[in-house]
Amino acid sequence: MFFNLQMAYWVVYGLLAIMGILTIVIMGIKFRNARNQKKTEESLQNFQSYLDYVQSQLDEEDRLRTPNQKVGDFDKKVLQKVLIDWIQRLSGVHRDKLITLCHDLGLIDFNLKRIKSFSEFKRLDAAYYLGSMRSSKAIPHLFKMLKKNKEGSEAFIIGRSIAQAADEPKDVKEMLTYLAKEERNNYHLLADIAGESTLDLRVQYKQLLTSENKELVKLALLGLSNQTDSGMDSNVRNYVYAKDKEIRMNAVQLLITSGAWTSNDIKKMLHFNDSDVRAFVAQWIGDSGVVQFADQLREGVKDSDKIVARTCAKSLLKLGETGFIKLCDVTVQNEGQPVADLALECIQEDLKESSVQTGNIEHVTSYNQKLYLYQKYFGKDEGLTQAI
Amino acid sequence: MAQSQHVGSRIVKTFNHFLHYYQESKLACGVIIVRADLNEKELENLQSYMEQEEPKVGAQFSYDQSEGLLGILLDDCNIGYTHFYSLFIKDYLEQQGCLKGSLLVGSFPESSDHAEQMLFSMIWEMMDKPQDQHTIELFQYDRPSKQCNRSILLVDSDESVLEILSSFLRGKGYDVHTAQDGKEGLNQFEKIVPELVITEINLSALGGYQFINQVRDSEAATQIMVLTNKHLEEDMKRTFEFGVSEYMTKPFSLIEIETRMKKLLEHSM
């Protein structure tokens, strides 16, 4: 019994010691943070006039000058944070001017030193700043870091920095190929990262279209849709028939949004086995107001898939008077069948929605026209009129 | 009136014939007016400090002891460099404990088309300034430009965006007001009824769409421009349905935003 009490004392002492150590550690961290905060405020106050100068002279032709007072390492950290905040929000000549100032302030060399630090946090922080400052000098260091960080979100931070800093499209392609190696279905994130680059990546994306890595193919299809004048590759047309659903959908979206489609492409795609493709194309016809496909949409209202049928009906209603008449025709010609009910339901929904939008004269005339047509086809519907 | 002619008379006397020369020959010059308390020795020290720091610049110094105003005239300097030069002056005077108020920076012909009149106006503006602030301000001469007094309200929770944009637009002569959330934005809107509102969609307290709706409902002839992080076509479409006239995404170009603003404001005239 005495032995157990002794043990209990030891446990209590042990716990107290651990609590003591943890308290000291927490207090230490708090103290360090408070000291850093104070130093940051002092530094910002010290450079406030200079930062005001940078802001007010940003639009002038002259190169921005560096401060007349000494800029220590801590000041560099504070200044680079402010400058990068501004750089991230701007594009064009003003952003370039701030990037030049970062070079002149010695921030590139400062971060090139930090990227070799033993601390992983410092290395990542430096990688982020070097990317934001578009320093191509940092590319070899960034690749070295990337290949060390094989897994985890750090690799994507470094990848983003490479995309921002690279002045050769091949470097961006190498980074993307490396990050897509594991095929973890991150291609949306990779396309976003590649979007940080100001380089023309069309050639690289077209090369990736022939890759055996499906992730890279999906990435290329997505990347090409963000490029202007993507120049349709024959591979893209082939991928419209791909077995992989994501590749197929991305290829369809690219083909349509790039404007490289033919009438035949659209008609074929409206009869694809994949209902998502049919729905996507039907939706696009309505959103883009391509009246030439109104007859295909009218047929589409009879689609076996309810989502596709409804999308076709809704898209017809977006095509103005022509579409409205065609949908009324569907209702009348298929009386008693489910397709007629669906068409009538969509027409009535549209009329109700249109009756609310009476803000401008165009809405009013369009609504009147629809109501007139509705009454011509179906007569006066007291229930609907009351609901409206 | 007699007193008004006397204000800063020493600075005016010293610089007058130089300014007349710059005006006639259409050469550039920078002017800095500082509220300071200096004796002869301190003024000499300041001059030699500046000669040492920026030896290539031809600078004239004139101190009006009765008003406590120091005037500095910089030969062949544009507004950018004059502002940079003023950073040295501010630092030095602060260190010596001689700085007693703010600094006003201007240049001919960027700040004004009339060099002599600019000096008068700068001195007068300094007389009205509170003496407890040690800030550097750019002189804005009331040129009869279209931008003058055109009021703009910026609503964004991102301080950096507000900072960059308001500094840029104020430099262009706009009357800029800022708010960090929808509620504050609406209060400001009701107070100033600006000609243009530039707003983010992601706003706290009162959402962006609600804010836009309320501005629209006010029936004021205010144009609305959206500057947002939202890049989706759907957002763009929805925003235009709310009666917005322009849509821009971040990161943004200051040149592009100014061009679009000018176009909108021209239509609203």
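Me: How do the axes of helix H2 and helix H5 of chain B cross?

Reply: This is a predicted model. In it, the axis of helix H2 (residues 9–25) of chain B comes within 8 Å of the axis of helix H5 (residues 115–128) of chain B, and the two cross at roughly 145°.

Me: Which residues of H2(B) and H5(B) meet?

Reply: From H2(B) they are B:Ile11, B:Val12, B:Phe15, B:Asn16, B:Leu19, B:His20, B:Tyr22 and B:Gln23. On the side of H5(B) they are B:Ala115, B:Glu116, B:Leu119, B:Phe120 and B:Ile123. Sorted by class, this contact has 9 nonpolar, 3 polar and 1 charged residues.

Me: What holds strands together in a sheet?

Reply: Strands of a sheet pair through backbone hydrogen bonds, and the pairing is either parallel or antiparallel. Chain B has an open sheet of 5 strands in the order S2-S3-S1-S4-S5, where the pairing is mixed. Strand S2 (59–64) and strand S5 (136–138) of chain B are the edge strands, each pairing on one side only. Direction ignored, neighbouring strands of this sheet are turned by 20° against each other on average.

Me: In which sense do strand S1 and strand S3 of chain B pair, parallel or antiparallel?

Reply: Strand S1 (residues 29–36) and strand S3 (residues 69–75) of chain B pair in the antiparallel sense, over 7 bridges. One position to look up is B:Ile33, whose bridge partner in S3(B) is B:Gly71. H5(B) packs on this sheet and touches S1, S3 and strand S4 (99–108) of chain B. The direction of H5(B) makes about 20° with that of S1(B).

Me: What does UniProt place at residues 151–265 of chain B?

Reply: An unreviewed UniProt entry places the feature "domain: Response regulatory" there. Over residues 151–265 the chain is 48% helix and 21% strand, with its end C-alpha atoms 10 Å apart.

Me: Which way do strand S6 and S8(B) run, parallel or antiparallel?

Reply: Strand S6 (residues 151–155) of chain B runs parallel to S8(B), and 4 bridges join them. B:Val155 has B:Thr199 as its bridge partner in S8(B). S8(B) is also joined to strand S9 (residues 223–228) of chain B by 4 bridges, again parallel. There, B:Thr199 has B:Val226 as its bridge partner in S9(B).

Me: Which residues point each way from strand S8 of chain B, and are they buried or exposed?

Reply: B:Leu196 and B:Ile198 point one way from strand S8 (residues 196–199), while B:Val197 and B:Thr199 point the other way. All are buried.

Me: How many helices and strands does chain B have?

Reply: Chain B has 10 helices and 10 strands. Its C-alpha atoms fill a box of roughly 65 × 40 × 35 Å along the principal axes. Of the 269 residues of chain B, 37% count as buried.

Conventions. Residues numbered from 1 in each chain as written. Chains lettered and ligands numbered in written order. Predicted model: local features only at pLDDT ≥ 70, side-chain atom pairs only at ≥ 80, totals over all residues. Axes fitted to C-alpha atoms, helices over the stretch in contact; angles between N-to-C directions. Contact = placed C-beta atoms within 7 Å. Nonpolar A, V, L, I, M, F, W, Y, C, P; charged D, E, K, R; others polar. UniProt positions renumbered as here; feature names shortened; annotations may be inferred. Buried ≥ 20, exposed ≤ 12 C-beta atoms within 10 Å, placed from the backbone. Pairing = 2+ DSSP bridges.
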